[in-house]
Each structure stands twice: as C-alpha cells, then as structure tokens.
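Subject: Structure handover

Hello,

Here is the structure you asked to look at. Please open it first, then read my notes below.

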Amino acid sequence: MILRYREGGDGSLTVAREYEAFGLSQYSGRFHALVRDDHALPNWVPLADCSVVDPAVPADWLIDSIGPEDGGLQVLIGYPELVDDPDHYDALLEREPAALQTFSRRTLGSGAPFVVPEADAFLDDFGVEPMPLDDDGLRCSVEIEGAAEDIVALEWDRVRRTAHCRWTRGGAVLLELSRDGAFELAVRSGGGESGVLLRYRSGGAVHELSVRVFPEVRVEDAPAQA
C-alpha cells in the first residue's frame, strides 16, 4: 500500500511525499498506517492525513482483532511479526533495538518513491528516451539497442514498484524477468561499459539486478553487498 501524506503536524513526514505502509491499525476508533518516516523510524500516521495512491497490500500480511471495542488498540494488520508477536507493537512505540531491527529488515529500500533516472541519462548513454505509458509518467518503457542485434527492453511502474526486463536477439527472446519491490533504477557507465542497475527488496533483503548492455549484454542478479 502506497500513501501520500497530505497534511498534519508531524515533522518527521513530508507533505506530498509518498510512503509505503507496512501495517494498519484501529486505535480508539481511528485508523492509522505504519510507515517508515523521514528519519527511517516507524511512525503510525493517521489515515485521515493521507490519500491512498495504491491500495494493494502484500500477500503475507496478517490480521488480528484485538479489542476492546470501546478504546485502545482494536485491530492490527501488517507483516507477520507485527501481528504474531504480542510485544512487537509496543516495542516499536518504545523504539526498542530488537523491534527496530525487525522493522528495518522488513522495510529495507522503502519509505520513499521508486527513484528512476531522468530521461537525459538514457539519452546520453544509449541515445534513446523512455516513453511514458500513462498520463503521469509513472509507468515508462525504453528499448536499448546493443550489439549483435541485441535489444534490452525495460518497463517500470513507480507506483507498484515493479520492473520488467526482456532481452532479445534477432527477435528471439533470450531472457525475460520481472522484479517487485523496486526502489531505485540507475544508469551506470564507466570503464568502457554501460547499462542499468535495479535495486529491489525481496525476502527482507536488498538485491541488485545488473543489466550491462555494452560492450555486450550480461545480466546478473544477486544480494547487494553490505
């Protein structure tokens, strides 16, 4: 779930900035969302202060109706530790180190919109510009021609944090893959090589998908180096 912070007096959140929600709660009748704030800390923000950019939630979220009905924490929804561990909710509020470590592991690469290069970066390195697939330019695609009839086609969605890569040679598909949890796409060049690097979050860890286009196509996908 992606939220846009609209208003409120919380100095640790930026108005008009987008945040990923990692949990939802109902407390004394009011709904809140758990986000990673501008200081990389857990923050329960009132849903009334936000607009919903993307309502989709992860498949592994759990839900627990806690009560009491007349006040306090009534409903808790979110990542497994948040719901299953009876101490985790309070430990987050108290900023206990173990709880913060769990929260950080669950939110690596989150707390900010999916960052992509400016169109000029693709134009300078590959001679092509990304083409928008929607009116807002949040979904884009680009086709990069390499050597030996190689074509690397990239498509990304900044709201859903997804990226898709297809490598063809002479019209034949050699490789096609998709990645969720994307948070950064960058153009990389130097040492006679150029390509793109996608950073994404999977299984609580940050991974890097490296797609070199020149001098020849090479694709590598591995956990990011610490």
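Glu208 and Arg199 meet through their side chains in a salt bridge, at 3.4 Å from N to O. A salt bridge here is a side-chain nitrogen of Lys or Arg within 4 Å of a carboxyl oxygen of Asp or Glu. Keep in mind that this is a predicted model: local features need pLDDT of at least 70, side-chain atom pairs count only at pLDDT 80 or more, and totals for chains, interfaces and linings use all residues. Residues are numbered from 1 along each chain as its sequence is written, and side-chain values use heavy atoms, with hydrogens and water left out.

Strands (E, at least two residues) and helices (H or I, at least four) are DSSP runs, numbered from the N terminus. Arg199 is partly exposed at 23%. Glu184 is partly exposed at 26%.

How many salt bridges does the whole structure hold? The search finds 10. One of them joins Asp157 and Arg139, at 3.9 Å from N to O. Asp157 is in strand E10 and Arg139 in strand E9, 18 residues apart. Asp157 is buried, with a relative accessible area of 11%. Arg139 is partly exposed, at 29%.

Next, the nonpolar cores. Such a core is a set of buried Ala, Val, Leu, Ile, Met, Phe, Trp, Tyr and Cys residues joined through side-chain atoms within 4.5 Å. The largest one has 23 residues. Which members touch the most others? They are Phe122, Val152, Leu154, Trp156, Val196 and Leu198. Elements that each supply at least two residues of this core include helix H4 (119-126), strand E10 (150-157) and strand E14 (193-202). Apart from this core lies another, of 13 residues, among them Val83, Tyr89, Ala91 and Ala99.

Contact means heavy atoms within 4.5 Å. Leaving aside neighbours within four places in sequence, Leu198 is in contact with residues including Phe114, Ala163, Glu184 and Glu208.

Now turn to helix H3 (residues 97-107). Its buried residues are Ala99, Thr102, Phe103 and Thr107. They cover an arc of only 120 degrees around the axis, so they lie on the same side of H3. That arc is taken from the directions from the helix axis to the C-beta atoms. An α-helix has 3.6 residues a turn, so residues three or four places apart point the same way. The face of H3 turned away from the buried side carries the exposed residues Pro97, Ala98 and Gln101. Among the elements that cover the buried residues are strand E2 (18-27), helix H1 (80-84) and E14.

Last, find Thr168 in strand E11. Thr168 is buried, with a relative accessible area of 11%. Beyond neighbours within four places in sequence, Thr168 is in contact with Glu149, Asp150, Ile151, Val173 and Leu174.

Best wishes

Note on methods:
Buried means under 20% relative accessible area, exposed over 50%, partly exposed in between (1.4 Å probe, protein chains only).
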